[in-house]
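Hi,

Here is the structure I promised to pass on.

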Amino acid sequence: MSTLNNKKIILAVTGGIAVYKSAILLRLLIKQGAEVRVVMTESAKEFVTPLTFQALSGNVVRSELFDQDAEAGMGHIELAQWADQIIIAPATANTIAKISYGMADNLLTTLCLATRAPLLIAPAMNQKMWHHPTTQKNIKKLSAQSSVFLCGPAQGEQACGDTGFGRMEEPQTILESCLDCWCEDNQQSVVLKGKTVLITAGPTIEDIDPVRYISNRSSGKMGYAIARAALDSGARVILVSGPVHIEVPQGVEIHQVRSAQKMHKKVFSLVEQADIFIATAAVADYRPITKNHEKIKKTNDRLNIEFVKNLDILSAVSSIENKPFCVGFAAETNQMKSYAIDKLKRKNLDMIVANQVGDDKGFEKDDNELSLYWFKENDLQEKILPFSSKKNLARQLIKEISFNFKDS
Ligand SMILES: Cc1cc2nc3c(=O)[nH]c(=O)nc-3n(C[C@H](O)[C@H](O)[C@H](O)COP(=O)(O)O)c2cc1C
């Protein structure tokens, strides 16, 4: 774990019930060697007085944008430029909304706009506020920015009595996310340096006739986010993708395919180069036995199409000699854990990433929750990556894969 020696951090505190936890976060940051300046919104001061943060940080707490004394010293623009990082913890729905729209109506939001330092946001709010489509839209907009990192929210019991997503992550977890941001700059950019990661993504399309096909709801978002994260960690990344509507991250070697058979063939032409194989694609299990060369006419009341099983690309890769480190995905609607572990064993994988699909989860979404399973000396290991943007999850997943790849 790296430290925050000499790092200049603005701890931005907004008006949520979790403010008291930020005092602990402040202590943890200082313990890691960071120099911390605290900025509070007016609402935050309703929960904890600035004096607490002033005493813990050894610096005056700033709140006012139009503060003549402060502007005579370190003005808001200087403060924004001084910071190596801004952490907003807790981040209220209100402040998230404002910064997602680029508003600058108080010191905190103005700093966010005036800085080029990375922004780590730890949302904290009632679960209904978190799940509200407006909050979700704002979060999505923010997390699409490369300098914005999300930590949480966590799931559990809430101060208001509700249960669900919206709790602020624990201070230790926020500290670790903060360290990760620096790790990424200083060290993580080389964790997979010299390694080749082969990734499959998106759906496959199985043609019935020249105008009709069978496919699935995979959007490719997770696979493309993993490709981006693997690239950021220094790897050479080869992506074999089914048809999707996502921009290919610059630097990724892309091979576009349509059907499961084409994906299988392409993967096998590339797999020898791979140190790590991550199979996120939702490959069609079956394809029509015959593809009609002409459009099937609407003459009969019933139409029977016979399907044949496609080859299992992941199983095939994991059974080759000198196989790469193989990571599979299991998208399940029920009994997720038991199906995932069964797949891990049956396909002889090094790791399986399970996620729940159906209703409002999984496919086509920008956020998800992942459960990772693998065996370490015959003992089953489990790690939950809590509900977050796919970009965030991809970064955490690549980190876990790189740890386990090194040990394998
Ligand atoms: C007791 C109490 C607790 C609150 N807790 C939260 C919270 O956890 N998260 C949140 O987004 N808003 C919460 N609010 C509402 C915010 O304080 C309110 O939206 C405020 O305008 C936020 O301002 P700020 O973002 O400038 O700090 C709470 C309000 C009250 C009265």
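**The eight-stranded sheet**

Eight strands make up an open sheet with mixed pairing, in the order β12-β11-β8-β13-β16-β17-β18-β19. Before I go on, this is a predicted model, where local features need pLDDT of at least 70, side-chain atom pairs count only at pLDDT 80 or more, and totals for chains, interfaces and linings use all residues. Residues are numbered from 1 along each chain as its sequence is written.

A word on the names: helices (H or I, at least four residues) and strands (E, at least two) are DSSP runs, numbered from the N terminus. Two strands pair if DSSP finds at least two bridges between them.

Back to the sheet: its edge strands are β12 (253-256) and β19 (379-389), and each of these pairs on one side only. From one strand to the next, the twist averages 15 degrees. For this and the other angles below, axes are lines fitted to C-alpha atoms (for helices over the stretch in contact), and angles run from 0 to 180 degrees between N-to-C directions.

Inside this sheet, β13 (residues 276-279) and β16 (residues 325-332) run parallel and are joined by four bridges. Touching, or contact, is meant here as C-beta atoms, placed from the backbone, lying within 7 Å.

At the β19 end, β18 and β19 run antiparallel, with nine bridges between them. Tyr 373 is bridged to Glu 382 in β19. The hairpin of these two strands has two residues between them, and Glu 377 there takes a positive phi near 45 degrees.

**The five-stranded sheet**

There is also an open sheet of five strands, in the order β2-β1-β3-β4-β5, and the pairing in this one is parallel. β2 (35-40) and β5 (148-150) stand at the edges with a single partner strand each, so one side of each has no neighbour in the sheet. On average, neighbouring strands here are turned by 20 degrees against each other, direction ignored.

β1 (residues 8-13) and β3 (residues 85-91) pair in the parallel sense over four bridges, and Ile 9 has Gln 85 in β3 as its bridge partner. Helix α1 packs on the sheet and touches β1, β2 and β3, with its direction at about 175 degrees to that of β1.

**Helix pairs**

The axes of α1 (residues 19-31) and α2 (residues 50-57) come within 10 Å and cross at roughly 10 degrees. That makes the two helices roughly parallel (angles under 35 degrees count as roughly parallel, over 145 as roughly antiparallel, 65 to 115 as roughly perpendicular and the rest as oblique). Ala 23, Leu 26 and Arg 27 in α1 meet Thr 52, Phe 53, Leu 56 and Ser 57 in α2.

For α5 (residues 93-100) and α8 (residues 133-143), the axes come within 9 Å and cross at roughly 50 degrees, so this pair is oblique. On the α5 side, Ala 93, Ile 96, Ala 97, Ile 99 and Ser 100 make the contact, and they meet Thr 135, Asn 138, Ile 139, Lys 141 and Leu 142 in α8. Those residues divide into six nonpolar, three polar and one charged (Ala, Val, Leu, Ile, Met, Phe, Trp, Tyr, Cys and Pro count as nonpolar, Asp, Glu, Lys and Arg as charged, and the others, Gly among them, as polar).

**Two loop residues**

Ala 117 is found in the loop between α6 (107-114) and β4 (119-123). Is Ala 117 buried or exposed? Ala 117 is buried, with 20 other C-beta atoms within 10 Å; the cut-offs are 20 or more for buried, 12 or fewer for exposed, and partly exposed in between, with C-beta atoms placed from the backbone. Its C-alpha atom is 5.0 Å from that of Gln 85, 32 residues apart along the chain.

Asn 304, in the loop between β14 (286-288) and β15 (307-309), counts as exposed with 5 C-beta neighbours inside 10 Å.

Cheers

Conventions: Two residues are in contact if their C-beta atoms, placed from the backbone, lie within 7 Å.
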